[in-house]
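Below is a short briefing on one protein model.

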Amino acid sequence: MAPPRLYLDWNATAPLHPAARAAIMRAIDVFGNPNSVHGEGRAARAAIEGARRKVAALAGIAPGNVVFTSGATEAANLVLTPDFRMGRTPLRLGHLYFSAIEHPAVREGGRFARESMTEIPVTEAGIVDLDALSKLLDAHDKAAGLPMVAVMLVNNETGIVQPVAAAAKIVHAHGGLFVVDAVQAAGRIAIDVEKIDADFMIVSSHKIGGPKGAGALISRGEALMPRPLIQGGGQERGHRSGTQNSLALIGFGAAAEAASDELEARNATIGALRERLEAGMREAAADVMIHGEGGERVANTIFFTLPGLKAETGQIAFDLEGVALSAGSACSSGRLGESHVLTAMGRDAKLGALRISLGFSTTEEDIDRAIAAFAKIANRRRSAGEAACPVSKLAETQISACQSG
């Protein structure tokens, strides 16, 4: 009998955490509309507010500063807009600046027009260039409105931690608003909004072991807020209309609480597993390139290139060995292509790169299986070169062709 599949794509989505599963099962009969005043509605509202407190605690902020959304992409589209209000006073944002390694949800710019968006370069180490940011903001046309800057806390491909607190000082010195995508940071490093000095932060449920379909936009205060993206019944204090997904939010809250409680222990365990895996990879293939290894990374991520192995071919090769990993972001409708992160770092994106990401249930046995699969693929590459099976789509016929070849 074939061994069970090995899941090493936690940056794409995490399996449901046991605490989240248990919370959802306990709440399965909490069916009331949380906006109704009867007992059933109040029970649902109480459960959602409990979840809000747990997500707020994960980010070191008051519960009233958490607006629940359907996910991180919606949260990004909510906050990335020229139209804000400070209380009842309109506030205009004139331009969006975002780092060259941002997730597509931020790179698309939300409700900003394309001509009102500028990319901030990153260094060869994959870190946002703070000098370039300062120069861009020095040249910002204040007459058009305030600048908004978006920089992710942890890159989803390389795992590199960005100097967001330093970036926040620059942004605020220029009178701008600072948005931090903390999707890949939550549950892996501390994401305290106050310490980072972010005006807004984005988090996602399914990246930390909660269910899909839930996320949050977290603000530093309650007065300054973007114009609503979804209007209607005025739920979420008018910031995001639509009846809340009670079960998803309850699971999100439980996962956030577990992420907070387990953070230190998780990092120690997962960090040791990553070191073991990288050592095994280097032993199997001395020419393996691990992107971002010289800088500060979260403990769970390895973004690597095996020279001569295309990302698409490599992903299928690992899949055929029973190992699930990715070729970067999994949030682009399954499309595979060159990494914009590698391009931004000045590296040849045509090299191809694969991402391994570990999580709370990864074991030493999993790492040994991953090393064995890696060694098998690396040896096959050396002995026969890359398989003559160029892949652009993960179609069954193409997988079968690679398998038979």
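The points below are grouped by topic.

This is a predicted model, in which local features need pLDDT of at least 70, side-chain atom pairs count only at pLDDT 80 or more, and totals for chains, interfaces and linings use all residues. Residues are numbered from 1 along each chain as its sequence is written, and side-chain values use heavy atoms, without hydrogens and water.

**Strand β12**
- Strands are DSSP runs of E with at least two residues, and helices are runs of H or I with at least four, numbered from the N terminus.
- In β12 (residues 301-305), 5 of the 5 residues are buried, so the strand is largely enclosed by the rest of the structure; buried means under 20% relative accessible area, exposed over 50% and partly exposed in between (1.4 Å probe, protein chains only).
- T301, F303 and T305 lie on one side of β12, with I302 and F304 on the other.
- Strands pair if DSSP finds at least two bridges between them.
- β11 (residues 289-290) runs antiparallel to β12, joined by 2 bridges, and I290 has F304 as its bridge partner.
- β14 pairs with β12 in the antiparallel sense over 4 bridges; R355 in β14 is the bridge partner of F303.

**Aromatic pairs**
- Rings of Phe, Tyr and Trp (its six-membered ring) pair if their centres lie within 6.5 Å; planes under 30 degrees apart count as stacked, over 60 as edge-to-face and the rest as tilted.
- The count is 6 aromatic pairs.
- The ring centres of F84 and F200 are 5.7 Å apart with planes at 55°, so this pair is tilted.
- F84 in β3 and F200 in β8 are 116 residues apart, and both are buried.
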